[in-house]
Amino acid sequence: MAKLLIVDDSTMLRDMLNYALNEGGYTDVTEAVDGVDGLAKANVDNFDLIITDVNMPNMDGLTLIGELRKIPQYSKKPILVLTTERSDEMKTKGKASGATGWIVKPFVPDQLLKAVNIVLSR
Amino acid sequence: MSFDISKYREMFIEEAEELFESADNVLLEAENNGSLTDEEMGQLFRDVHTLKGSGASVELKLFAEFTHDVENMMDKLRNHKIEFIPEMAGVLIDGLDVMKEILDLEVAENLTRETFTEMTTASLEEIRAYSNGTVAKKEEPVIIETPVTCTPVVDEVLDNDNFGFFDDDLNNKKENKSYGIFADDIDKDQNNFGFFDDDLEAVSDSFEYTPIDKEKENFGFFDDVPSLTPDAIMKTNNIEQKENTSIEVPIKETAVIANNKEEVSSVSRPTVPRASRETKEKAIKKASTNNNIRVNLDKIDLLMNNVGDLVITNAMLTQFSSTIEDSKTRNSVLERLELLERHIRDMQDSIMSIRMVPMESIYSKFPKVVRDISKKLAKKVEFKHFGDNVEIDKAMIEGLTDPLMHIIRNSLDHGLETPEEREASGKTDIGSITISAEQANGQMIITIEDDGRGINVEKVALKALDQGQIDENQYNNMTDNEKAMLVFGAGVSTADQISEISGRGVGMDVVKTNIQKLGGDLKLDTKLGEGTVLTIMLPLTLAILDGLDIAVSDQKYILPLSSIVESLQPTSDMIKKIGDGTQDLLMLREEFIPIVRIHQLFGLESSFENLEDGMLIVVKSGNTKVALSIDEFLNQHQVVVKPLDKNFRSVEGIGAATVRGDGSIGLILDVVGIINAQMNIEKNMNKARKAS
């Protein structure tokens, strides 16, 4: 069973993500409220996939990805960024930070699951 | 699969309230001191960004659409594409107000596109003007970005079979997908396997991103963007000491041109702006304090209840162990039980501390209200608050916020004068309202002070007399402060004209009732022309109270210690009878205090006829005192309060219950209730007397 970490400062969005992932069969989901929390949780566990929001207090999502990529166990793990922006700028930033892919917010559950399935099956 | 949107909307509304409050407060401060720090701009942007993203996620399209413009302006401020000028704060505060209105209407499904346009046009014009730099200080150069067309953020996501593409996004014509995968780095990683042990080599390595998969149209890949390794990015922030200079140079170059939007699309730019590095450093420092979880208050109450049961069980055990005959065993059992009791008490304290939240959580609601009302009334106000970190029982916040809000409204409306009036009476034109909180003598003391015109106590007293709240005798004997307290009576208002803010005469009595419900008390000090100080005294918690066991006939009751003024054994000359001879008065140091026979109140057989054979306990609530006639008082102890109305039903004269050490139920007297009942009796007597 794949272990997932979702990082978002909005309780509601974490709930939505969690629900959608559960429906898709991913029941081992851990939640973190910001980058700092996410990094701390990632450090004590070994997640197979991390989905993170970009704009968060304390530590933003892109910084989090940069930090995660420095940790050997996460250097190659898939990390998806959840973003409301779809601009090239965002993509450049996302990619540069080391993210595997992006999901646009608001997300459609099926789309989210498709993206998750693909990165996890690789 | 789809979401239960209504459920998430509820969550969103709750979340939105906090975000609005947070953003409002930053802006209010900015409006006051005319500046906005980078950190504050970052927070503003995040708050509004979250509002947009979450709002869009729960299908509040119009809300998200308007919020997009507000966010856009904040984004530009954050990135210094436009410079902050003080007037912007007001524009953004108004923008947030429009957002709130839209949110309310859209959630109620009561918002048409026409109304939306009507509501937003004015605000949008302003926001866009500022966003595009057309309104700005002339001397400051403004980098004008290509105006962003207001594109609906949520575009037919769910009504579209095509998995919700964002096909109207101007910047993204090539990649109309709702998610994408940054070109595969896994292959590359495998090639580079082993490099991860060596920072330097990993840094110098630059990944080549190539698309790996293009399943249907739902995916986006990047093949034309030069890339940086994560490590290289971190280097631009000098976080890593070992640097590869050869790669640093190009990054700095891109950083410079990154300010120019047109070039940015073709060049990669460093991801981590300076500000976020600062935030990050701060975040790491704050990490320990940031380990918070949200817990439902009910769960803590349950925990508190469990510990309460533990206290009771412990008391039962202690009582039972005293029946152990062998004294050696008995003593060692008791010794260990004492230890247990201490641990339970520690646990009780810990749980209490979970329930405590800083006063800040109440204060944070006020600046916005003060601003809005003072603007409406054209008064100048400086609002100050002290004791932000003083902790208060979370359970009290709900009951306390409304009364405090009402008091502040009242101070603004009736207390403070207009700038002209103030100047005419030799004051500065800016009025002041100060709220402060402190813990003293096991009580929470909150004071609200204004330097306004004060309360005309005579006017209040005459009005109360006129309305029959007090009689002439009372009127003649009242001190100024007692007269001032009359504003807390129902229907008394000094306002000659009813205003929108307050002044209907309802409210202050509600304030008093609410404070008393929390087991608290009020005090009012006012000086005509100088101002008013309202002091609220509250118990630190609603969960535990110090009680005194009193015996009434064959029953035992618990009296909250905080309400007791004094106790005495009366002599016959201290007791006077009035009315038809059924009402007794205690004459104590030239003060007449009505006597309440607890036996009578609860329908118990009295064990004595003459009051001087029993004890009298003087209790008070506010300025009203009564003397309770009881048999005797017993011991004093802490009790865990269990609400009666939740478990049984409310009973007049009984505030709550507790479970005693022997497992029996103890009833806690409700002093406010008893006093009110007594006052009603007196009122009826007065009426009957007048009628006859």
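This is a predicted model: local features need pLDDT of at least 70, side-chain atom pairs count only at pLDDT 80 or more; totals for chains, interfaces and linings use all residues.
View 1. Welcome to chain A, whose secondary structure comes to five helices and five strands. Starting at the N terminus, the elements follow the order β-α-β-α-β-α-β-α-β-α. Of its 122 residues, 66% count as buried. Among the contacts in chain A with a separation of 6 or more, 60% are between residues 24 or more positions apart.

**View 2. Helix α3 of chain A is enclosed.** How many of the nine residues of helix α3 (residues 61–69) of chain A are buried? The count is nine of the nine, so α3(A) is largely enclosed by the rest of the structure. To find them, look for A:G61, A:L62, A:T63, A:L64, A:I65, A:G66, A:E67, A:L68 and A:R69.

View 3. The largest nonpolar core has 81 residues, and A:L4, A:I50 and A:L80 touch the most other members. Leaving aside residues up to four places away in sequence, A:I50 touches A:L5, A:V7, A:A42, A:L68, A:K77 and A:I79. Another core, of 39 residues, lies apart from the largest one and includes B:M396, B:L412, B:I433 and B:A437. As background, nonpolar side chains tend to be buried together in soluble globular proteins.

**View 4. A cis peptide bond in chain A.** Here A:K105 and A:P106 are joined by a cis peptide bond, with omega about 0°. You can find A:P106 in the loop between β5 (101–104) and α5 (109–121) of chain A. For context, most peptide bonds are trans.

**View 5. Chain B as a setting for the next views.** Chain B contains 24 helices and 20 strands. It has 692 residues, of which 32% count as buried. Residues 24 or more positions apart make up 65% of the contacts in chain B with a separation of 6 or more.

**View 6. Helix α2 of chain B and what follows.** The 20 residues of helix α2 (residues 38–57) of chain B should span 28 Å at 1.5 Å a residue, and this agrees with end C-alpha atoms that are 28 Å apart. Is α2(B) enclosed or open? It is largely enclosed by the rest of the structure, because 17 of its 20 residues are buried. After α2(B) comes B:E59, with a positive phi near 65°.

**View 7. Helices α3 and α4 of chain B side by side.** The axes of helix α3 (residues 61–78) and helix α4 (residues 87–107) of chain B come within 9 Å and cross at roughly 170°. The two helices are therefore roughly antiparallel to each other. On the α3(B) side, the contact is made by B:L62, B:F63, B:F66, B:T67 and B:V70, while α4(B) brings B:L92, B:G95, B:V98, B:M99, B:I102, B:L103 and B:E106. These contact residues divide into nine nonpolar, two polar and one charged.

**View 8. Helix α15 of chain B.** With twelve residues (366–377), helix α15 of chain B should span 16 Å at 1.5 Å a residue, in agreement with end C-alpha atoms 16 Å apart. B:A378 follows α15(B) and has a positive phi, near 55°.

**View 9. Two positive phi values in one loop of chain B.** B:R589 sits in the loop between β13 (583–588) and β14 (591–597) of chain B, and B:E590 is also placed in the loop between β13 and β14. Although B:R589 is not a glycine, its phi is positive, about 45°. B:E590, not a glycine either, has a positive phi of about 65°. Are they buried or exposed? B:R589 counts as exposed because it has 6 C-beta neighbours inside 10 Å, and B:E590 is exposed with 5 other C-beta atoms within 10 Å.

How values were computed
Residues are numbered from 1 along each chain as its sequence is written. Chains are lettered from A and ligands numbered from 1 in the order in which they are written. Helices (H or I, at least four residues) and strands (E, at least two) are DSSP runs, numbered from the N terminus. The expected span of a helix is 1.5 Å times one less than its number of residues. A residue is buried if 20 or more other C-beta atoms lie within 10 Å of its own, exposed if 12 or fewer, and partly exposed in between; C-beta atoms are placed from the backbone. Axes are lines fitted to C-alpha atoms, for helices over the stretch in contact, and angles run from 0 to 180 degrees between N-to-C directions. Angles under 35 degrees count as roughly parallel, over 145 as roughly antiparallel, 65 to 115 as roughly perpendicular and the rest as oblique. Two residues are in contact if their C-beta atoms, placed from the backbone, lie within 7 Å. Ala, Val, Leu, Ile, Met, Phe, Trp, Tyr, Cys and Pro count as nonpolar, Asp, Glu, Lys and Arg as charged, and the others, Gly among them, as polar. A nonpolar core is a set of buried Ala, Val, Leu, Ile, Met, Phe, Trp, Tyr and Cys residues joined through C-beta atoms within 7 Å.
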